[in-house]
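Hi everyone, thanks for coming.

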Amino acid sequence: MYSGAIKALEINMSNQNKDFFSLYKKTLNIFELIITGNNKEFLQLDNLSILSIFNESLSKNENIYEKLITKNNIFFKNDSFKDNVLKIIGNYLDLKDNYNYNRETVLIKLEERCLRLYNFEFYLLKFNLNLIENIYYCPEVKILDQLNLLEDIAQTHITKYFDVIKISGNSTPKLGRSFYSKDGVILRFCLKGEMRFENVSKVLCKNNFIMTRKKFLGIYQILTDDIEYILIHIKENFFEDFYSKIIKKSFFLHKHFKFSPDCLEILNSFKDINQINLVLFRLFSRIFMEYSEHKSFDKNENVIEEIVKHINENITTITVADIQKKFFLNKNNVVSLFLEEFQMYPSQYILDQKLQLAAYDLITQKNKISDISENLNFSNSGFLSKVFKEKYNKTPLEFRKIKQNEIKYLES
């Protein structure tokens, strides 16, 4: 879509000023490798944004790094993370080239400027300094060969700090032993479908994740026909390198979360496991910022958390009217909260939670369908069977038989 505009602007810049064009290509390569992990999915629009900055500076004969580090300039209007990192890289190169400071002095000055507001972006810069300088100070004739080598080096981050597993589709094994490591932290994200872990009381469902540290979750079972699930193992050396500055120890008391729209947007960009190593830094930046303080930033989040807790404690008898009365809300307020948080009406949410409990009961107990229906306060077992099949594409008895056969197969 943007390739024609990019090509025209690059030709224009190359014809006007070869040195400036070379500087643009190096800046673009740094940004592409450090921020997007050389992921072509993001490259064209990012390329156009950076190219526009250079073209404006070229026509006005400006110092490009003075423009990059100006506080009021927003280059990536919908992505503050990219914007902040580009500014910090600009600060680094400006101080190093225009003021002739050595690396240690530049880092001290940058830490004073950036650490309080942009601590993760600063550490991402610091971690990748060799990469940045190898690109920036590489002779133009060698830049492409050098980039290929540096890309290989960058890809090793994924083995140094992270292990990543992504599973998706209806052909995924429905049962197995969950991943376990005594080293580091494990994050399990669910983008689609539902799965249950033997040692976790709550089902992992769409737009939720579980964080565990040195805890075995036992056998997993995929409850839905289709699943999209990402497991990220953050190794201990990640915390050794970054822990003291960006993560509070109390952070690991948390276990089960609903992730924010920002995290969801990043997760949805996981297209190719081989290209996400540095995108993971971006994801953790969001997670640590949002959850490390043990408090919500939004009043509505506190309200919905209390409502969900109340629903879980009274799942067999709870009604929307009960929620209104308990929390002094009118029906429209309750509906708005649930549509914003869960993209479903409160009555749908309550039914969904009851069906998850029914699924759990079918797998772990030998209760009759009529008993499950009565225990969960369904109007009758026929209604339970109807709504259960709508959710799981199987009747309760079919579901129980399949899941119990899976367990027998695993144990044999």
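Let's start with Phe328, which is exposed, with a relative accessible area of 77%. That label applies because the cut-off for exposed is over 50%. Keep in mind as we go that this is a predicted model.

Where does Phe328 sit? You'll find Phe328 in the loop that runs between α15 (320-327) and α16 (331-342). Its backbone deserves a look too: phi is positive, about 55 degrees, even though Phe328 is not a glycine.

Is Asn393 buried, partly exposed or exposed? The relative accessible area of Asn393 is 49%, so it counts as partly exposed, given that exposed means over 50%.

My last stop is Asn47, which belongs to helix α3, residues 40-60. Asn47 is buried, with a relative accessible area of 10%, and the cut-off there is under 20%.

So what does Asn47 touch? Setting aside neighbours within four places in sequence, Asn47 is in contact with Ile6, Glu10, Tyr24 and Leu28. Of these partners, let me pick out Tyr24: its side chain and that of Asn47 are joined by a polar contact of 2.6 Å.

That's my tour, friends. Over to you for questions.

Terms used: Residues are numbered from 1 along each chain as its sequence is written. This is a predicted model: local features need pLDDT of at least 70, side-chain atom pairs count only at pLDDT 80 or more; totals for chains, interfaces and linings use all residues. Side-chain values use heavy atoms; hydrogens and water are left out. Helices (H or I, at least four residues) and strands (E, at least two) are DSSP runs, numbered from the N terminus. Buried means under 20% relative accessible area, exposed over 50%, partly exposed in between (1.4 Å probe, protein chains only). A polar contact is a pair of N or O atoms within 3.5 Å; within protein, one must be able to donate a hydrogen and the other to accept it, and residues adjacent in sequence count only if both atoms are side-chain atoms. Contact means heavy atoms within 4.5 Å.
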